Amino acid sequence: MITAVYPGSFDPVTYGHLDIIQRSVEIFDKVIIGVLNNQTKTPLFDFEERVEMLQTVTQDFPNVEVVTFQGLLIDFTKKMHANVIVRGIRAVSDFEYELMMAQTNKQLCPEVETMLFATSAEYSFLSSSTVRELAYFQGDITPFVPDYVKEKIYSKMKEKRK
């Protein structure tokens, strides 16, 4: 059984993330979405909200599990008994960073592989921070996130603007 971990902050989950998840579930027996608590960022959504959104938008994938984690990705990967780390790359700059991380993780745990998925062209520009900024200024985020997530974002942004 091949288990993959797809880590990220998912603040919020976008169609770019879902593209990587969809492709991963077709390859791996189990995909664990690791929701990172990144101490260097102030998220729009807390852990529970991000987990709930991911669980809702991935409910049709029986081989997906959503789990929160803190600390090193490689430690989380080992704890989940995963064989593979899945990462999406949008540009050359992403590739350089992800290659460095993959090589570091390989040194720390040689039995874990990293697979880099090139983001589908229609999402190559998309990031959670872009979605948050658009939503903050009341832009249309419909093309970038599922409707369920869109409503959560607009609601959260309405609170922030008050």
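Is Phe 144 buried or exposed, and what is its relative accessible area?

Reply: Phe 144 is buried, at a relative accessible area of 14%. Buried means under 20% relative accessible area, exposed means over 50%, and partly exposed lies in between, using a 1.4 Å probe and protein chains only.

First, the ground rules. This is a predicted model, in which local features need pLDDT of at least 70 and side-chain atom pairs count only at pLDDT 80 or more, while totals for chains, interfaces and linings use all residues. Residues are numbered from 1 along each chain as its sequence is written, and side-chain values use heavy atoms, leaving out hydrogens and water. Helices (H or I, at least four residues) and strands (E, at least two) are DSSP runs numbered from the N terminus.

Now the rings. The whole structure holds 5 aromatic pairs. Rings of Phe, Tyr and Trp (its six-membered ring) pair if their centres lie within 6.5 Å; planes under 30 degrees apart are stacked, those over 60 are edge-to-face, and the rest are tilted. One of the 5 pairs joins Tyr 15 and Tyr 123. Their ring centres are 6.4 Å apart and their planes meet at 40 degrees, so this pair is tilted. Tyr 15 belongs to helix α1 (residues 15-25), and Tyr 123 to the loop between β5 and α5 (128-136), so the pair ties together parts 108 residues apart in sequence. Tyr 15 is partly exposed at 27% relative accessibility. Tyr 123 is buried, with a relative accessible area of 17%.

Phe 144 pairs with Phe 125: the ring centres are 5.8 Å apart and the planes stand at 80 degrees, so the pair is edge-to-face. Phe 125 lies in the loop between β5 and α5, and Phe 144 in the loop between α5 and α6 (147-161), so the pair links parts 19 residues apart in sequence. Phe 125 is partly exposed, at 47% relative accessibility.

The arc is that of the directions from the helix axis to the C-beta atoms. Contact here means heavy atoms within 4.5 Å. After α5 comes Gln 138, with a positive phi near 60 degrees.

Ser 128 sits in helix α5 and is buried, at 14% relative accessible area. Leaving aside residues up to four places away in sequence, Ser 128 touches Asp 11, Pro 12, Thr 14 and His 17. Ser 128 and Tyr 15 are 113 residues apart in sequence, but 9.8 Å apart in space from C-alpha to C-alpha.

Val 149, Lys 150, Ile 153, Lys 156 and Met 157 are buried in α6. They cover an arc of only 135 degrees around the axis, which puts them on the same side of α6. The face turned away from that side carries the exposed residues Lys 158 and Glu 159. Covering the buried residues of α6 are elements including α2 (47-57) and α5.

Last, the largest pocket. A pocket is found on a 1 Å grid over the protein atoms alone: an open set of points where a 1.4 Å probe fits, with protein on both sides within 12 Å along at least five of seven lines, and lining residues have an atom within 4 Å of a point. The largest pocket has about 1,100 Å³ of space. Its lining counts 43 residues, and Pro 7, Gly 8, Ser 9, Arg 87 and Glu 98 lie nearest its centre. Elements giving two or more residues to this lining are β1 (3-8), α1, α3, β4, α4 and α5.

Definitions and conventions: Grid points are joined across faces, edges and corners, and a volume is the space filled by probe spheres set on the points.
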